[in-house]
Amino acid sequence: MSTETSRQSAVPTVDPITRRRIGIAGLVLATTAVLALPGGVLWPEPSGGGDTYAYGDIQPLRDRWWGLLVFLSANLVLNVLAQALLIVYLVRRRGAAWATVGGLIMWIGTALYAVGVGGWAAAYYFATAPGVDPSAMDRIGDDTLHLLGPLMIGSLLVALGTVVQAVGLFRSHAVPRWIPVLWLTIVLTFVIPGNGWVGLLTAVPMCAASIGTAYYAWRKA
């Protein structure tokens with residue numbers, strides 16, 4: 001009689017359901033990152049410089065303004081949620097607390113950002129409607145707190161959460177170092193204009209980080 005004993009394989013069995021879910025999240029992250037690239041080129045540039053728009057900046061392209069902001073806002077929500085989820089999945093031991101806290105901050109931030117962008121888009125859209133006094137645009141712009149407050153707070157929280165998650169990635173060694181380095185370039189978006197070709201160039205590192213994160217999360221699943 002054979003006394004041969006079976007040995008359990010040291011290689012863990014791949015869970016196809018988990019792999020499929022991570023694959024879907026990775027596809028969402030990579031796709032939304034690529035779709036966001038032309039946003040800077042399509043973004044209208046204020047005639048007076050800075051971030052303040054005049055009536056003449058928005059009125060001729062009010063439909064494009066509303067559609068672009070709504071699309072980019074929804075795209076960002078999907079992107080941030082997928083990013084936070086995949087990094088939490090990647091960072092399971094060392095650095096896990098950083099990844100988890102960063103993800104929670106990002107989720108709160110993206111909720112505020114989406115509300116803020118939607119309100120901003122609607123405010124300027126209706127203020128530039130035919131028959132509306134052009135001075136309404138100026139009066140709306142004077143109330144910066146209600147017009148841009150949620151948007152600014154949300155964007156700051158998303159950036160802060162991304163930096164915190166990048167620290168978690170550094171500590172975990174779950175991905176090559178270039179990925180968290182590229183995630184940290186989100187800080188540049190607060191000092192470099194986001195419109196025009198410059199905005200496109202600042203979006204490229206974030207897009208590469210998204211694709212890299214999606215790939216390594218799928219490979220680990």
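**Ground rules.** I number residues from 1 along each chain as its sequence is written, and side-chain values use heavy atoms, with hydrogens and water left out. Because this is a predicted model, I take local features only at pLDDT of at least 70 and side-chain atom pairs only at pLDDT 80 or more, while totals for chains, interfaces and linings use all residues.

**Overall build.** I looked up the secondary structure and found nine helices and zero strands. Helices (H or I, at least four residues) and strands (E, at least two) are DSSP runs, numbered from the N terminus. The order of elements reads α-α-α-α-α-α-α-α-α from the N terminus. The radius of gyration is 21 Å, well over the 17 Å of the globule rule for 221 residues, so the protein is more spread out than a compact globule. That radius is taken over C-alpha atoms, and the rule is 2.2 Å times the number of residues to the power 0.38. Along the principal axes, the C-alpha atoms fill a box of roughly 95 × 30 × 25 Å.

I noted that 40% of the 221 residues are buried. Buried means under 20% relative accessible area, exposed over 50%, and partly exposed in between (1.4 Å probe, protein chains only). Among contacts (heavy atoms within 4.5 Å) with a separation of 6 or more, 77% are between residues 24 or more positions apart.

**Tyr53.** I found Tyr53 in the loop between helix H2 (39–42) and helix H3 (55–58). Is Tyr53 buried or exposed? Tyr53 counts as buried because its relative accessibility is 7%. Its side chain makes a polar contact of 2.6 Å with the side chain of Trp43. A polar contact is a pair of N or O atoms within 3.5 Å; within protein, one must be able to donate a hydrogen and the other to accept it, and residues adjacent in sequence count only if both atoms are side-chain atoms. A polar atom of the Tyr53 side chain also lies 2.8 Å from the backbone oxygen of Pro44.

**Thr128.** I placed Thr128 in the loop between helix H5 (96–127) and helix H6 (135–142). Thr128 counts as buried, at 0% relative accessibility. Its side chain makes a polar contact of 3.4 Å with the side chain of Arg62. Beyond four places in sequence, Thr128 touches Tyr55, Ile58, Gln59, Arg62 and Met137.

**Gln83.** I found Gln83 in helix H4 (residues 62–90). Gln83 is buried, with a relative accessible area of 3%. Residues that Gln83 touches, not counting those up to four places away in sequence, include Leu29, Met106 and Trp183.

**His173.** I located His173 in the loop between helix H7 (144–172) and helix H8 (178–183). His173 has a positive phi of about 60°, although it is not a glycine. Most residues other than glycine have a negative phi. His173 counts as partly exposed, at 48% relative accessibility.

**Tyr215.** I found Tyr215 in helix H9 (residues 196–220). Tyr215 counts as partly exposed, at 40% relative accessibility. The C-alpha atoms of Tyr215 and Gly26 are separated by 7.0 Å, though the two are 189 residues apart along the chain.
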